[in-house]
Amino acid sequence: MTLNMDVKGAGETVLKASLLDGPSSTGIVIIPGLTVPRESCFRLLHSFAPYKTLLYDIRGQSHSEGEVDFEKCVTDVNTIGRWFKNKYKLKRLIGIGHSFSGICLLKASMDRQHPYDLRIALAAPFDMSRATSGVPKRFTKLFIYLYNTTRWLTYKPYRDEIFQRRHLYRPNEFAKNPYVGALKLNRHSVMSRIITLTPKLEDFISGIALPSCLVYGGNDKRIGNEEYFKKQYAIINDAALKRGFGVCIMPGLSHRFNLEPEKEFVLSCNNNEIIRKIEDIIKAQN
């Protein structure tokens with residue numbers, strides 16, 4: 001396993017990655033969501049040890065270069081996928097994107113030259129403005145500092161080791177290097193661009209390449225309240241059935257596919273259900 005390596009996205013932007021070099025000719029690219037460092041997906045990475053599996057921090061997060069930008073993140077998905085597939089002469093490539101990166105993965109499939117043979121989008125938001133409702137489009141560093149501190153005091157996952165590594169609680173240190181989770185916030189317009197430029201899922205779902213699968217946690221409060229979630233899920237499920245791919249709900253699981261109470265900022269830290277679900281999807285598409 002290579003814990004820390006460089007891969008190049010769109011425009012030669014250097015992104016930090018980890019590689020598990022399994023013996024299989026099938027490769028998997030795992031892409032964490034917004035504010036989520038790749039270390040939060042290490043459990044998922046280790047679960048696919050037989051495969052060649054690449055996990056990278058999206059641009060503008062952790063130590064990856066650039067700034068989060070929807071279209072560039074979409075291009076990164078295909079650029080990195082093509083490089084990975086060619087370098088290791090993979091016969092099959094599977095993409096697994098969480099949250100914002102699930103949207104990027106699905107949108108990337110609309111490029112005719114996409115390299116993926118299967119896409120699995122985990123907790124892909126119906127609308128990013130709903131998923132980022134706790135943070136205003138334009139913010140001050142003071143607001144983000146207070147937001148981080150409040151979350152740290154009220155939400156236990158914000159106190160785990162992975163998340164704490166990026167939090168600077170001295171105001172002067174934070175002002176020089178502001179983060180929300182792994183997301184670097186060097187410009188006030190970053191969040192506004194994410195919200196306004198990321199399309200709603202229903203606006204492009206009919207063009208997503210096959211085979212694809214969307215998986216949601218039944219207790220996902222990040223995407224929206226219960227009423228909104230049910231309404232949007234019904235719309236997406238209907239559109240997916242018409243397109244010919246699957247959508248499923250995993251009852252009781254959070255946005256990070258954990259059981260409540262959620263104690264860590266890790267994808268599937270306290271259950272194995274999502275790992276089994278992904279394995280079932282991969283086997284069904286062999």
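Student: How far apart are the mean positions of the positive and negative charges of the chain?

Tutor: This is a predicted model, in which local features need pLDDT of at least 70, side-chain atom pairs count only at pLDDT 80 or more, and totals for chains, interfaces and linings use all residues. Residues are numbered from 1 along each chain as its sequence is written, and side-chain values use heavy atoms, with hydrogens and water left out. Lys and Arg count as positive and Asp and Glu as negative, while His and the chain ends are not counted, and each charge is placed at NZ of Lys, CZ of Arg, CG of Asp or CD of Glu. For the 42 positive and 28 negative charges, the distance between the mean positions is 2 Å.

Student: Which residue forms a salt bridge with Asp-57?

Tutor: A salt bridge requires a side-chain nitrogen of Lys or Arg within 4 Å of a carboxyl oxygen of Asp or Glu, and the closest N and O atoms of this pair are 2.6 Å apart. Both residues are buried, a word that stands for under 20% relative accessible area, with exposed being over 50% and partly exposed in between (1.4 Å probe, protein chains only). The partner of Asp-57 is Arg-38.

Student: Is Lys-242 buried or exposed?

Tutor: The side chain of Lys-242 meets that of Asp-238 in a salt bridge, at 3.3 Å from N to O. Asp-238 is partly exposed, at a relative accessible area of 39%. Lys-242 has a relative accessible area of 70%, and is therefore exposed.
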